[in-house]
Amino acid sequence: ILRCTDEERKLWDAAMVKELKSLRDLGYFKMVPRQRGSNVLQSTWVFKKKRYPDDDLKKYEARFCVRGDQQIEGIDVFETYAPVVYWITVRIRLVLSLVLNLSTQHVDYTNAFCQAPLEQTVYVELPKGFEVPNKVLHLQKSVYGPRQSPLNFYKHLRKGLESRGPNKYNDDDCLFTNGEIIVLFLVDDCI
């Protein structure tokens, strides 16, 4: 974005506005007065040009992210470990699919981390160009960047799966089954 034409700059600006409006409309944050003594994290942008399979430009995408590296252990982040599926479990599941002729589908959750409620209080600076004097964002849901986002999404997905029948398998925290369905997930991808 530092080296772009005026026309491209307008497209990136529109993408940033669209992203912030979408997050606000979906209730991902509230704008609140700055609290004295609170740890306010900086925000940043991740820019990407999305393309069609033939490499034609589809859209300019701007993702709002939080600088999780600025979080303070015991203040705005506590537990960050999120379980990861064992690769042997994935291999066994794929072999079972072939041997038993099971139907297999892949699910990639869109804005996965943003679907999970945030358990800690996290304040974030508004990004450059969008600042409001003495105001910060109070996150209501996980977004990309906070160190606890993967764990929050795991808890959210686990709760959703278990409420629909599949239960966690004892030996792998990312394997869920109810006898009719087998679900594996790795961060925000499911098989």
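Which residues does Glu-8 touch, not counting residues up to four places away in sequence? The model is predicted, and in it Glu-8 touches Lys-49 and Tyr-60. Glu-8 is found in helix α1. Its relative accessibility is 17%. Buried means under 20%, so Glu-8 counts as buried.

Leaving aside residues up to four places away in sequence, Phe-64 touches Glu-19, Leu-20 and Leu-23, among others. Its contacts also include Ser-43, Thr-44 and Trp-45. Further along the chain, Phe-64 touches Val-124, Pro-127, Leu-137 and Tyr-144.

Now turn to the charged pairs. Side chains of opposite charge can pair when their charged atoms come close. The structure holds 12 salt bridges. One of them joins Arg-34 and Glu-125, at 2.8 Å from N to O. This pair links distant parts of the chain, 91 residues apart. Arg-34 lies in the loop between β1 (29-33) and β2 (40-41). Glu-125 lies in the loop between β6 (123-124) and β7. Arg-34 is partly exposed, with a relative accessible area of 38%. Glu-125 is also partly exposed, at 26% relative accessibility.

Glu-119 and Lys-155 form another salt bridge, with the closest N and O atoms 3.2 Å apart. They too link distant parts of the chain, 36 residues apart. Glu-119 sits in the loop between β5 (107-108) and β6, and Lys-155 in helix α3. At 32% relative accessibility, Lys-155 is partly exposed.

Lys-168 and Asp-173 also meet through their side chains, in a salt bridge of 3.0 Å from N to O. Lys-168 counts as partly exposed at 21% relative accessibility. Asp-173 counts as partly exposed at 31%. Elsewhere, salt bridges link Lys-21, Arg-24 and Asp-25 in a network.

The surface has a nonpolar side as well. A patch of about 900 Å² is made by Tyr-86, Ile-88, Ile-92, Val-95, Leu-96, Leu-98, Val-99, Leu-100 and Leu-102. Where does Val-95 sit? Val-95 is in helix α2 (residues 87-99). Its relative accessible area is 47%, so Val-95 is partly exposed.

Notes:
Residues are numbered from 1 along each chain as its sequence is written. This is a predicted model: local features need pLDDT of at least 70, side-chain atom pairs count only at pLDDT 80 or more; totals for chains, interfaces and linings use all residues. Side-chain values use heavy atoms; hydrogens and water are left out. Patches are made of residues with over 30% relative accessible area and no salt bridge: like charges are joined within 9 Å, nonpolar side chains (Val, Leu, Ile, Met, Phe, Trp, Tyr) within 5 Å. Accessible areas come from the Shrake-Rupley method with a 1.4 Å probe; for residues, only the protein chains shown count as cover. A salt bridge is a side-chain nitrogen of Lys or Arg within 4 Å of a carboxyl oxygen of Asp or Glu. Helices (H or I, at least four residues) and strands (E, at least two) are DSSP runs, numbered from the N terminus. Buried means under 20% relative accessible area, exposed over 50%, partly exposed in between (1.4 Å probe, protein chains only). Contact means heavy atoms within 4.5 Å.
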